Every structure is written in C-alpha cells, then in structure tokens.
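Here is a short briefing on one protein chain. Look at the sequence and the model first, then work through the topics below.

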Amino acid sequence: MSLTTLVGGFPLWFYVALALPLVLNFWAITHAFYREFPTIQEKMVWLCLVVFVPVVGALIYLFAGKKRGKSTK
C-alpha cells in the first residue's frame, strides 16, 4: 500500500496529515500532565492552552513549556 492509495475517496497521505496534529496534541497533554512544574497554576495554564487551542497550543508547549517541567520519576 503506497501513500497514493485511495481510502474512502482520499489518498492515504491525507489521513496521515490529519493524524499528525492529533498525535502532537495527545503527546503534549500527557507530557504536561505527568511533569512537575514550579506551581500547579503553571501546569493548568499549559494544559488549558493545549486543550483549548489545539495545534498552536501544542506547538507552543513543544518549544516553550516542555523545558519548564521536570520529570516525576
């Protein structure tokens, strides 16, 4: 099966392109949820940003928020 194969009338790459932002959002939500931030308010701001401004919020978290949290391990 190649990326130009039609599935439901659309090429396969179309579905891959739709899935990428969803994967990024789910990753950002779980990453922020399981990290330790300096305050609980900061954690809630990151989670709200990612949830309510999906793609842009996840990209902002990826570049700015990811470094702020510490691993809980």
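Buried means under 20% relative accessible area, exposed means over 50%, and partly exposed is in between (1.4 Å probe, protein chains only). At 42% relative accessibility, R68 therefore counts as partly exposed. This is a predicted model: local features need pLDDT of at least 70, side-chain atom pairs count only at pLDDT 80 or more, and totals for chains, interfaces and linings use all residues. Residues are numbered from 1 along each chain as its sequence is written, and side-chain values use heavy atoms, with hydrogens and water left out.

**Salt bridge**

- The structure holds one salt bridge, a term for a side-chain nitrogen of Lys or Arg within 4 Å of a carboxyl oxygen of Asp or Glu.
- Its partners are E42 and R68, and their closest N and O atoms are 2.4 Å apart.
- The pair links distant parts of the chain, 26 residues apart: E42 sits in helix α2, and R68 sits in the loop between α3 and β4 (70–71).
- Helices (H or I, at least four residues) and strands (E, at least two) are DSSP runs, numbered from the N terminus.
- Is E42 buried or exposed? With 14% relative accessibility, E42 counts as buried.

**Nonpolar core**

- A nonpolar core is a set of buried Ala, Val, Leu, Ile, Met, Phe, Trp, Tyr and Cys residues joined through side-chain atoms within 4.5 Å.
- The largest one here has eight residues: A28, A32, F37, W46, L47, V50, A58 and Y61.
- Helices α1 (12–33), α2 and α3 each supply at least two residues of this core.
- Which helix gives the most? That is α2, with three residues.
- L47 is in contact with I29, A32 and F33, leaving aside neighbours within four places in sequence.
- Contact here means heavy atoms within 4.5 Å.

**Nonpolar surface patch**

- V51, F52, V53, V56 and I60 make a nonpolar surface patch of about 450 Å².
- Two elements give two or more residues to the patch: α2 (40–52) and α3 (54–65).
- Patches are made of residues with over 30% relative accessible area and no salt bridge; like charges are joined within 9 Å, and nonpolar side chains (Val, Leu, Ile, Met, Phe, Trp, Tyr) within 5 Å.
- Accessible areas come from the Shrake-Rupley method with a 1.4 Å probe, and for residues only the protein chains shown count as cover.
- V53 lies in the loop between α2 and α3.
- The relative accessibility of V53 is 35%, so V53 counts as partly exposed.

**Aromatic rings**

- A pair of aromatic rings is described by the distance of the centres and the angle of the planes.
- Rings of Phe, Tyr and Trp (its six-membered ring) pair if their centres lie within 6.5 Å; planes under 30 degrees apart count as stacked, over 60 as edge-to-face and the rest as tilted.
- How many aromatic pairs does a search of the whole structure find? The search finds seven.
- F10 and Y15 form an edge-to-face pair, at 6.2 Å centre to centre and 90 degrees between the planes.
- F10 is partly exposed, with a relative accessible area of 39%, and Y15 is partly exposed at 32%.
- W13 is partly exposed at 47% relative accessibility, and F14 is partly exposed at 29%.
- F10, W13, F14 and Y15 form one aromatic cluster.
- F14 has its place in helix α1.
- F14 and T30 are 16 residues apart in sequence and 25 Å apart in space, C-alpha to C-alpha.

- E36 is found in strand β3 (residues 35–36).
- Not counting residues up to four places away in sequence, E36 touches R68, G69, K70 and T72.
- T72 is in the segment after β4.
- T72 is in contact with Y34, R35 and E36, leaving aside neighbours within four places in sequence.
- The relative accessible area of T72 is 49%, so T72 is partly exposed.
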